Amino acid sequence: MVLELNNISKKYGKNQALKHVHLSFETGKIYGLLGPNGSGKSTMLKLITGLVFPDEGTVTLNGEQVTRKTIEKVAYLTELDMFYDAFSVGETVEYVASQFADFNREKASLLLTELRLEASQKVRSLSKGNRGRLKLVTTLARDAEVILLDEPFSGLDPMVRDSIVKSLLKYIDFEHQVLIIATHEINEIEPLLDEAIAIYHGTMIGRESVESLREEEGQSVLQWFKQLAIKQEEGAQ
Amino acid sequence: MGEEFQASKPIYMQIVDKIISEIAQGKQLPGDKLPSVREMAVQMGVNPNTIQRTYTELERMQIVESRRGQGTFVSENKALMEELGRNMQEEIMENFIRKMEEIGVTRDQLVVLLQSYLGEGK
């Protein structure tokens, strides 16, 4: 699997969401798209799924340009909560399974057990943490080449985060999948990442291997990010 | 996440230290099998490639050995394991002495202080 963003720019009205972004991703790695809220991370994920199209540049998956159909090959956990309240957990899983050919019911049921969700529970009655867990189940249960997570930990307590991290590490198929996580919670995500990609005001300001940052620069990802952001601000003045 | 890590040291080295300390404490015995890379990654909440580096480093230090198709095992080399224990003792003592010197305690005073502290503990 090769996923490439070639010189991508995207505007929403007058607002420049992304400016000349060049990026490529490969199978078997965990990438962090890091930056404050509104920096363009979510736009990047939407471009990869084919839910949004670039004004300039191309997004390609295995050499083919991304279209609306690409979502068949990309599992995407949005920031939004898109479940039907009247459904049970089991019905929600069935519904998602009916929408995606690559949905793996066996994996879904393992994940439900692992994350202690009952198939009979109504979505309406789920706590925020359990809704977050259910979102993860429906995303990770797909045997998709690309898994995109948009702020998977947002608003969740440390226990829920921990269970989500463990499930990610357990159920990602590193031989066949790539995991891209967009988040502003840089410290929390760092131990999970192979590579950190810094996004700031729609521009990619840096990309580094997490361990080499520590080994060669003696810096954590957050320290590195702050330094880059300051440089960027100084350059803009 | 599963573990807290310091900011400046590579995560894989922090896990190396943790495993060495577990061996020195006897929580992992010579000949014990370590969890698989994936299991360890899940336990620690870190990237599997990080654990792979941890195991490679431990192997380079000859603290563990990987057996083809079986996994990674704590070395049964007794001399090496004893040396490991001594190294840790030395490291802790060096730290202690350095900190005492930083607050102006000389080495001679330190011996007296330590004796009297331990004496009181009886």
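Me: Let's start with a side chain: what is the relative accessible area of Leu114(B)?

Reply: Leu114(B) has 37%, so Leu114(B) is partly exposed. A word on the source: this is a predicted model, where local features need pLDDT of at least 70 and side-chain atom pairs count only at pLDDT 80 or more, while totals for chains, interfaces and linings use all residues. Residues are numbered from 1 along each chain as its sequence is written, chains are lettered from A and ligands numbered from 1 in the order in which they are written, and side-chain values use heavy atoms, without hydrogens and water.

Me: Which residues form a nonpolar patch on the surface?

Reply: Patch members have over 30% relative accessible area and no salt bridge; like charges are joined within 9 Å, and nonpolar side chains (Val, Leu, Ile, Met, Phe, Trp, Tyr) within 5 Å. A salt bridge is a side-chain nitrogen of Lys or Arg within 4 Å of a carboxyl oxygen of Asp or Glu. Areas come from the Shrake-Rupley method with a 1.4 Å probe; for residues, only the protein chains shown count as cover. Here Phe96(B), Leu114(B), Tyr117(B) and Leu118(B) form the patch, with about 430 Å² of accessible area together.

Me: Which helix gives the most to the nonpolar patch?

Reply: Helices (H or I, at least four residues) and strands (E, at least two) are DSSP runs numbered from the N terminus. Helix 5 of chain B, residues 107-120, gives the most, with 3 residues; Leu114(B) sits in that helix.

Me: What is the strand order of the open sheet in chain A?

Reply: Strands of a sheet pair through backbone hydrogen bonds, either parallel or antiparallel. Pairing takes at least two DSSP bridges. In chain A the 4 strands follow the order 2-1-4-5, with antiparallel pairing. Strand 2 (15-26) and strand 5 (64-65) are the edges, each pairing on one side only.

Me: How many aromatic pairs does the structure hold?

Reply: Rings of Phe, Tyr and Trp (its six-membered ring) pair if their centres lie within 6.5 Å; planes under 30 degrees apart are stacked, over 60 edge-to-face, and the rest tilted. There are 5 pairs over all chains. Phe25(A) and Tyr31(A) are edge-to-face, because their centres are 4.8 Å apart and their planes at 90 degrees. Phe25(A), at 2%, is buried, and Tyr31(A) is buried at 0%.

Notes:
Buried means under 20% relative accessible area, exposed over 50%, partly exposed in between (1.4 Å probe, protein chains only).
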